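Subject: Structure handover

Hello,

Here is the structure for your files. My notes on what was found in it follow below.

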Amino acid sequence: MKKLPQVPAYLFLKNSLQILKNPLPFHHRNFEKLGDTFQLNLGLGKHVVFSRDQDLAILALQKQQKDFIKSPIQTKDLVKYVGKGLLTVEGEEWKTQRKLLQPTFYKKNIYQLLDLMQDAIVKQLQNIKTDQPIDVFPIFNDLAFKVVAKSLFSDAISNEQISRLQYITEEAQNMLVKELRQPYKKWWFIWSGELKKKLLLTKEALQIIEGIITKRRKQSSQKEDLLDMLLHTTYEDGSSMTHEKLLDEILILFIAGHETTSNALSFTTQLIARNPDVQQKLIQEVDQNKLRTPLDVLKNSPFTTAVIEESMRLYPPVYFIDRVNTKTLKFKDYTIPKNTSLLFSLYEMHRKQEFWEEPLNFIPERFLNGKNHAAYYFPFGAGPRKCIGNNFAMYEIILVMQELFAKYQIEFTNQPIEILPLISLKPKNAILHFNYRK
């Protein structure tokens, strides 16, 4: 058995400022030099294994997923900001929660939310200004957050509460990124009071959500939103979620529920603007769906769906998946000791030449040829822990595309597509021109 190729700690430290801003070029150089799996030494005996090997990813996420757990990044660091919910718990607790929550996200239940989603989308797209360059990310970020808020609480949440929750979730994410990329400053975050300030914000978010839940429990009439579904969901023994567990799950839905969508919308529209032929095909499909209900739009948008899938191939909102192996792992020619932190780069996997013809080009048609890409394409993860809200996110993005291109054509500015890799893969300077369709 061979040792994994190594990246020495001094190279990590030498590139630490670049890694803080954007770690992907550093990792790409290592992948190109060392192969699909390598060990990055962080110093003081700590290390992480990076991989873009799709077989290793399938092993960890699906085939032998019982021998892998999420890393402390999610089960410990993230818990401070979002609590112990489906995203952050492990073992039997996770199994019980997944079994409880899965039916809430069945397609038939998401269909009940389509009118709420549509209403929020139409209102938010009114904020688009024409005939001038605008950064689309803030618009789509507000849109995605409001769609989640309205799907969760319908009319029980005010615009002020939505804005405050949005601010708090973004502050929490920025703090977590600092903690993860600057572990040597941990003492400063504590001593300066910066960490405490952010944790108090999370407490405030929970208080806002708690107030909405308390008010809803007192109402006799039912609302067809996610909160009502969650309040009426029961475990196998007939019991309901505890108040604390419900709060944690809702806070996680806010954070995870808008992240993927706002990022994906920003990258997708930038790619469409740079590919006029794709935009024209998309508009043709949108026009065919103009008089259809939201549900019929979802059922008759194959090209729109392919456009979104191709965008998430090139710019996967979840660009890394982390796991820790609980047993010694023998893979190919290597032995990976147990309790090793593994990071799977979906960003690299989705661009591998061996699987994708012209991998750096935007070609939505590759998702219309009937080929199954499930062995190396993971925009929502894979296996039992695949994102529970994948249908919600896809439906929302399709409905946004329908509303957007029924009204506008978009053009890009000359600057390249820029990325900002934080907890998720965010866009940077997503500047576009919107013009009313003639």
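A compact globule of 438 residues would have a radius of gyration near 22 Å, and the chain agrees with this, at 22 Å. That radius is taken over C-alpha atoms, and the globule rule is 2.2 Å times the number of residues to the power 0.38.

The model is predicted: local features need pLDDT of at least 70 and side-chain atom pairs count only at pLDDT 80 or more, while totals for chains, interfaces and linings use all residues. Residues are numbered from 1 along each chain as its sequence is written, and side-chain values use heavy atoms, with hydrogens and water left out.

Overall, the C-alpha trace spans about 60 × 55 × 45 Å along its principal axes. The chain has 20 helices and 13 strands; these are DSSP runs numbered from the N terminus, helices being H or I of at least four residues and strands E of at least two. Of the 438 residues, 54% count as buried (under 20% relative accessible area; exposed is over 50%, partly exposed in between; 1.4 Å probe, protein chains only). Among contacts (heavy atoms within 4.5 Å) between residues at least 6 apart in sequence, 74% join residues at least 24 apart.

Helix H3 covers residues 24-34, and its buried residues are Leu-24, Phe-26, His-27, Asn-30 and Phe-31. Seen down the axis of H3, they fall within an arc of 160°, so they line one face of the helix (the arc is that of the directions from the helix axis to the C-beta atoms). Exposed Glu-32 and Lys-33 are on the face turned away from that buried side. After H3 comes Gly-35, with a positive phi near 105°.

Asn-339 sits in the loop between strands S8 (334-336) and S9 (341-345) and is exposed, with a relative accessible area of 55%. Asn-429 is in the loop between strands S12 (425-428) and S13 (431-436) and is partly exposed, at 34%.

Last, the second largest pocket. Its lining has 27 residues, with Glu-309, Tyr-377, Phe-380, Lys-386 and Asn-390 nearest its centre. (On a 1 Å grid over the protein atoms alone, a pocket is an open set of points where a 1.4 Å probe fits, with protein on both sides within 12 Å along at least five of seven lines; lining residues have an atom within 4 Å of a point.) Helix H20 gives the most to this lining, with 5 residues.

Regards
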